[in-house]
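Here are some notes to read with the structure open beside you. Take the points one at a time and find each residue as you go.

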There are 2 protein chains.
Amino acid sequence: MSTAGDLLENKYFFVNPKPEYLDDLISKTQDFVNEQNNITTDDKLVLVTSGGTSVPLEDNTVRFIDNISAGTRGASSAEQFLFKGYKVIFLHRQFSLQPFNRHFNKSINTSFLDYFDTNGEIKPKYKEEILKMKKLSETYKDNLLILPFTTVNDYLWSLRSIAVLLNSRNCIFYLAAAVSDFYVPYDKLPKHKIQSRAEFQKESEKHLDDTGKLVLDLDPVPKFLRKLVQTWANRSMIISFKLETDPELLIAKAKQALENYNHQLVIGNLLHSRNREVMILAENSEKEHWLRLSEKNEESTCIEELIVDEITKTHDFWMQSWK
Amino acid sequence: MSTAGDLLENKYFFVNPKPEYLDDLISKTQDFVNEQNNITTDDKLVLVTSGGTSVPLEDNTVRFIDNISAGTRGASSAEQFLFKGYKVIFLHRQFSLQPFNRHFNKSINTSFLDYFDTNGEIKPKYKEEILKMKKLSETYKDNLLILPFTTVNDYLWSLRSIAVLLNSRNCIFYLAAAVSDFYVPYDKLPKHKIQSRAEFQKESEKHLDDTGKLVLDLDPVPKFLRKLVQTWANRSMIISFKLETDPELLIAKAKQALENYNHQLVIGNLLHSRNREVMILAENSEKEHWLRLSEKNEESTCIEELIVDEITKTHDFWMQSWK
């Protein structure tokens, strides 16, 4: 049965052109997956999406809408999946945090040159951490495929292509990327930088009202999660994420997502406490439960260790259920 | 004479609260400037602004409008001013490029850990560049004050505070930051993350129209360049920047800026050729002229070397004119 949603989703890929590098991305993913062909049903494979998508406001893009996500949840979770023996496809916002590298990008007060003394040598206090993370990144490098996106359009094309490639597998889709709910369709995108003064506006690209205000109209992004669950990756275990700032909405929105898309799990958190506690709501379960870092654990571990530990256990059952 | 523009500009700082760290920024700037108190009229001091401003769409910010600027022009120019003996106040978008550090952040293909071998040592091919830039950053560290901003509001409060502090001096304002022309005033900013479904929208925070589109209304940012030239920094040499994507508009917009604000110089460039050529339009000059890197120079120098060489010569005349 074709629904209004289906039509919107199908139309999307007609109107919005595929990113130039898509064929390259597909062939890299194909190679990465083929190398693991000898592993079949017990295939421990996860797609981790991470970071925010951008929404260009012009075709020759100067301005865009963005999201505060730095990619911490995705990059840290990818590390945990690697530790658990998973192969990880890491689809991330270009220049957002990456597994292992992320440990050197998190501080406001440390720039690249701060890691070195005036002789150009690594400062002693950083040596151990650099060696440790370098060794980890080497150990896991064959199990990690790093793929970039920038815009929400890059993301959607990539997600679809990867999902279709993995379609016969029982892998995990761990969709931690912060995907925009709104965008400007390609056929409505102004070619050039939006002008701030009426006299420089082209007739075909009017965005200012009579008082000089900028009025932006953004279309809703079609709900591709439905398509992913029903068609693109219908043997995979699919996990979506909710970030809210208003505590009153979090649980209601997580419940609604499961009802709308029929996927397996929603992980929700509030902006201010996202590194200390998350709620997990599973399909067919009555009630959400929470994972929390205790204060004494906050130094030695991270919330993603708790999350991924639970997810991989659930995934073991999932894989069994397909046998 | 008070104009409509004046009113808008004055109202701005009533409606939009100052950033929490502003007093700290002012006191750091005061200290930096005081250290140079023994130098008086020949005070070679420049404020370089750099990177893009963000425009939050919510108070508990998840989404914001941003600008593609990475801060290359500002960071590279700051280096050149240091080489010419200037003290530099570098007001930049947090996490955008910084002088000397910028040489290690420019590549898509090089992450932090790529600089090290599996023993955790610096790879030989990077040693020379790291040592060179570390030495330069040490040499000039007392002449460089690095200050951050994130939002357009942070930027405007900081610019005003710094300008007022420097008011008696004949320094350079080198305004390379990409400042948004539009913003959401604080009294219209929704408290929480904008919802993508009508049923979760609060009555007071309606942004969706009946078809589910997001409609954003942004106010024009008051034109503070006028205020800077007339009041805040009326003894300084003020340089603004224009970036356009449409070649037809560039020169007209540069001319209009000089006419509107009566400052000293506009530097303009097109997005695609910004690292190879810029146009300079000076007050009272008939016509713009261009600075261009020749192909054989592109490896050994950067366009900012040409720009800053010209600017500092003009500044010498400027300082003489006040004696």
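1. What covers the buried residues of H8(B)? The cover includes helix H3 (72–83) of chain B, together with strand S6 (172–175), strand S9 (237–244), strand S10 (265–270), strand S11 (277–282) and strand S12 (289–292) of that chain. Please keep in mind that this is a predicted model.

2. Now look at the helix itself. H8 of chain B runs over residues 303–321, which makes 19 residues. From its first C-alpha to its last it reaches 28 Å, close to the 27 Å expected at 1.5 Å a residue.

3. Which residues of H8(B) are buried? They are B:Ile303, B:Glu304, B:Ile307, B:Val308, B:Ile311, B:Thr312, B:His315, B:Trp318 and B:Met319. Viewed down the axis of H8(B), these buried residues fall within an arc of 140°, so they line one face of the helix.

4. Next comes the place where the two chains meet. Here 73 residues of chain A are in contact with 73 residues of chain B. The area buried between chain A and chain B is about 6600 Å², and carbon and sulfur atoms give 58% of it.

5. The polar side of this interface deserves a look too. Across it there are 24 residue pairs in polar contact. On the side of chain A that touches chain B, the elements giving two or more residues are strand S3 (63–67), helix H4 (124–139), strand S8 (214–220), strand S9 (237–244) and helix H7 (250–261) of chain A. The largest share of that side, 8 residues, comes from H4(A).

6. Another salt bridge brings together the side chains of B:Asp181 and A:Arg63, at 2.8 Å from N to O. B:Asp181 lies in the loop between S6 and strand S7 (182–183) of chain B and A:Arg63 in strand S3 of chain A, so the pair joins two chains. A:Arg63 has a relative accessible area of 8%, so it is buried.

7. Now try the pair A:Asp181 and B:Arg63, whose closest N and O atoms are 2.8 Å apart in a salt bridge. This pair crosses between chains, from the loop between strand S6 (172–175) and strand S7 (182–183) of chain A to strand S3 (residues 63–67) of chain B. Are these two residues buried or exposed? Both A:Asp181 and B:Arg63 are buried.

8. A salt bridge can also sit within one chain: B:Glu277 pairs with B:Arg292, with the closest N and O atoms 2.6 Å apart. B:Glu277 is in strand S11 and B:Arg292 in strand S12 of chain B, 15 residues apart, and the pair links distant parts of the chain. B:Glu277 is partly exposed at 21% relative accessibility, and B:Arg292 is partly exposed at 49%.

9. Finally, visit A:Pro19, in the loop between helix H1 (4–15) and helix H2 (22–34) of chain A. A:Pro19 has a relative accessible area of 9%, so it is buried. Leaving out residues up to four places away in sequence, A:Pro19 touches A:Asp154 and A:Trp157.

Key. Residues numbered from 1 in each chain as written. Chains lettered and ligands numbered in written order. Predicted model: local features only at pLDDT ≥ 70, side-chain atom pairs only at ≥ 80, totals over all residues. Heavy atoms only, no water. Helix = DSSP H or I, 4+ residues; strand = E, 2+ residues; numbered from the N terminus. Expected span 1.5 Å × (residues − 1). Buried < 20%, exposed > 50% of the residue type's maximum accessible area, 1.4 Å probe, protein only. Arc of directions from axis to C-beta. Contact = heavy atoms within 4.5 Å. Buried area = accessible area lost by both parts, 1.4 Å probe. Polar contact = N/O pair within 3.5 Å; in protein donor to acceptor, adjacent residues only side chain to side chain. Salt bridge = Lys/Arg side-chain N within 4 Å of Asp/Glu carboxyl O.
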